[in-house]
Amino acid sequence: MTDASHDMMYAAATSAAKSSRAASGSAGREDYIEAAWRRCRDDYRLNPEAPPAAVHVGGAALRQIREEHALFERLGRVEMHRLLGQISQQVAQSATASRYVLMLTDADGTVLDVFTDAANAERARAANMMPGYMWDEQHAGVNGPGTSLHDRRSRVVHREEHYFTRNSRMTCSAAPIWGANGRLLGAIDATCLDCDDSRAAQVPTIALVSMSARIIEQLHFTNSFRDCMIMRFHERPELVGLPYDSLLAVDSDGLIRAVDNSVPSMLGAAGYNTLVGRSVAEVFDISLDRLLEHAETQPFAIWPIAHGNDRHGYASVWPAKQTRARARAVVSARNALVERAPLRPPAEMRQRKPEPRELVALAGADRAMAHNVWRAERVMNRDINILLLGETGTGKDTFARAIHRASNRHAAPFVAMSCAAIPEQLIESELFGYETGAFTGARPGGMRGKAVAAHGGTLFLDEIGDMPLSIQARLLRLLEEKEIVPLGSSTPTPVDIKVISATHRDLEAMVARGEFRMDLYYRLNGLSLTMPALRQRSDRQDLIETLCAEESEGASISITPAAMQALIEHDWPGNIRELRNTLRTALAFAEAGRIEVHHLPHMIVRTMPAHGPVPPQPLAEEDPERERIVAALERHHWRIAATASSLGISRNTLYRKLHRYGLMNEPH
Ligand SMILES: Nc1ncnc2c1ncn2[C@@H]1O[C@H](COP(=O)(O)OP(=O)(O)OP(=O)(O)O)[C@@H](O)[C@H]1O
């Protein structure tokens, strides 16, 4: 969203909030606080002076809840970054600016994510503003997110209006967030810890929070129905495409699959059920063919449309990924390109079969990797871009190549480009190509860019976080319109590519700092997969053995238990790449096909427990390995298989260690 449109929405939201306050007066505002207090006292039997202990849902449940809300949380986090910046600007003159903590909760009031400055983190933790804590009224009394979720409305809860005295220095501004077809997703809340300002001073904050809620709703909707056309509608043309319009997802048969929260009132419909499942032609005065034509030829253009009893408004339509129109466009684009340039891959490549097993093999026996493979397989043959995240050396490049080889694009080229390795001024010409004479020093005859070279196949943009801002808009156009305009040319060339990008950087934080375009981030991030660091993989021993076999090129090699333990316990900042290099070097020194501790680099041996890997005597209680094992046992409820796997050791090794550390008789 541009700054100008944001300012416009902000002004409208502020004036709406002010006029509703003027209309209801302070008595209206107190009504909802009064009602909430009554609920806490009479229904939930809470005592303001003696609050019950704060409730946390527990690690396993939190993980599951977060998994279920992954898209919501991801979108919420980006918006919270932006919102905190907005609030800071808004209240910059006031000392309270630096005291805000933002929370995203699910519909039950469970905190999914918290965002604040480092200076507030400790206080937020002390106030239980942490993922997993429950802020619904029943557990936390009257409070911003809890009361907002109960009332299904934006709510301010100012200082002593909180039910529990421990919260009486806070001021919360919270708004509910709605998903498709009337499903409540959760709430977003901005809490000022230690608020000195008046209640009236919260008007700008609640306006900003409500707007953020709406932005998350719209992003969630468009991300959830990528296989549908998204129709945007408002009675006023200047508001189509901004967070005030209403969204409908229309499938390729013209049926309304979903509507957002504002649609029923905007269309004067009785409810979601009266719209969902109906043909778009019954609700609006437009045929499916005409809608498809708009999507194909004029996406984003705004045109007048009639609905219901001669009511009028304005609409625009975003194309779906898989509409028939889109499919036609891609096929004709591909044909046009094939005619223009000899881009067909060599015959032997076309005959090659996809290699799904290679992708599966990368998971080894690690659950997180297996989940990555499972998710990648689900999207690899769809028009969904994939973003690979992870530390250096975790295998992003390897994974991208394996996806390509397993996909139905395997016969066409896989073209990789590292945005970090190419000087900034050359990235544009490398990617988009250029015509003869496009710039001084350009090759006669021009150059075909990487995007065209990848036609029909996969373009891998490594280190995408290093893509200069100045080129990001052109890349976005390539992704949206599937065509490129080489430098020095005015003729667009259609391309059919799947884009996989990768980075070790925190792209969301870069978006928040304005260093990476948000729209491009969402385009690239159709599905994001995080490669686990080597130290997090539960199959370290297997991986070590596999890499050792690969590096020894079939020769029979063994690793002594002490050397294996050192390899398993090292924390591998360079991940699989560092491990591979270490094994390669160790193999060069190994005698009689045995890798021993003294063949390993000093750094790795130094990180081994001082007592050595297999000490003969029971060890002291404070031994760090013992503590690590106890912590893992507790985390896995003393389940031996799960604990052993989380530590990257076999069950037998774990039993030996339990025995050695005198842990065999611990209570279950
Ligand atoms: N799952 C895996 N199993 C075995 N070896 C792997 C696996 N993934 C990666 N490797 C090996 O690890 C090394 C580093 O992999 P890769 O270059 O793909 O990492 P990367 O995350 O792209 O690194 P960078 O971020 O530095 O570009 C390579 O030698 C690769 O063969």
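Two strands count as paired if DSSP finds at least two bridges between them. Helices (H or I, at least four residues) and strands (E, at least two) are themselves DSSP runs, numbered from the N terminus. Keep both ideas at hand as we walk through this structure.

The model is a predicted one: local features need pLDDT of at least 70, side-chain atom pairs count only at pLDDT 80 or more, and totals for chains, interfaces and linings use all residues. Residues are numbered from 1 along each chain as its sequence is written.

Let us start with the whole protein. It has 27 helices and 21 strands. Of its 668 residues, 39% count as buried; a residue is buried if 20 or more other C-beta atoms lie within 10 Å of its own, exposed if 12 or fewer, and partly exposed in between, with C-beta atoms placed from the backbone. Two residues are in contact if their C-beta atoms, placed from the backbone, lie within 7 Å. Among contacts between residues at least 6 apart in sequence, 66% join residues at least 24 apart.

Our next stop is a sheet. Strands of a sheet pair through backbone hydrogen bonds, either parallel or antiparallel. Here five strands form an open sheet in the order β2-β1-β5-β4-β3, with antiparallel pairing. At the edges stand β2 (111-116) and β3 (155-158), each with a single partner strand, so one side of each is left without a neighbour in the sheet. From one strand to the next, the twist averages 15°. Angles run from 0 to 180 degrees between N-to-C directions, and axes are lines fitted to C-alpha atoms, for helices over the stretch in contact. Inside this sheet, seven bridges join β1 to strand β5 (residues 184-192) in the antiparallel sense, and Met 103 has Asp 189 in β5 as its bridge partner. Helix α3 packs on the sheet, where it touches β1, β2 and β5, and its direction makes about 30° with that of β2.

In the loop between α3 and β1 (100-106) you will find Arg 99. Is Arg 99 buried or exposed? Arg 99 counts as buried because it has 22 C-beta neighbours inside 10 Å. Leaving aside neighbours within four places in sequence, Arg 99 is in contact with Asn 120, Cys 192, Leu 193 and Asp 194. Its C-alpha atom is separated by 8.5 Å from that of Ala 119, which is 20 residues away along the chain.

Helix α3 also has a helical partner. Two packed helices are described by the angle between their axes and the distance between the axes. For α3 (residues 70-90) and α7 (residues 203-224), the angle is about 155° and the axes are 9 Å apart. That makes α3 roughly antiparallel to α7; angles under 35 degrees count as roughly parallel, over 145 as roughly antiparallel, 65 to 115 as roughly perpendicular and the rest as oblique. Residues making the contact include Leu 71, Phe 72 and Leu 75 of α3, and Pro 204, Leu 208 and Val 209 of α7. The residues of this contact divide into eleven nonpolar, eight polar and one charged. In this count, Ala, Val, Leu, Ile, Met, Phe, Trp, Tyr, Cys and Pro are nonpolar, Asp, Glu, Lys and Arg are charged, and the others, Gly among them, are polar.

Strand β7 (residues 246-250) is joined to β8 by three bridges in the antiparallel sense, and Val 250 has Ile 256 in β8 as its bridge partner.

Now look at strand β18 (residues 498-503), where six of the six residues are buried. Lys 498, Ile 500 and Ala 502 point one way, and Val 499, Ser 501 and Thr 503 point the other way. Strand β11 (residues 386-389) pairs with β18 in the parallel sense over four bridges, with Ile 386 opposite Ile 500. Strand β15 (residues 458-462) also runs parallel to β18, joined to it by four bridges, and Leu 459 has Val 499 as its bridge partner.
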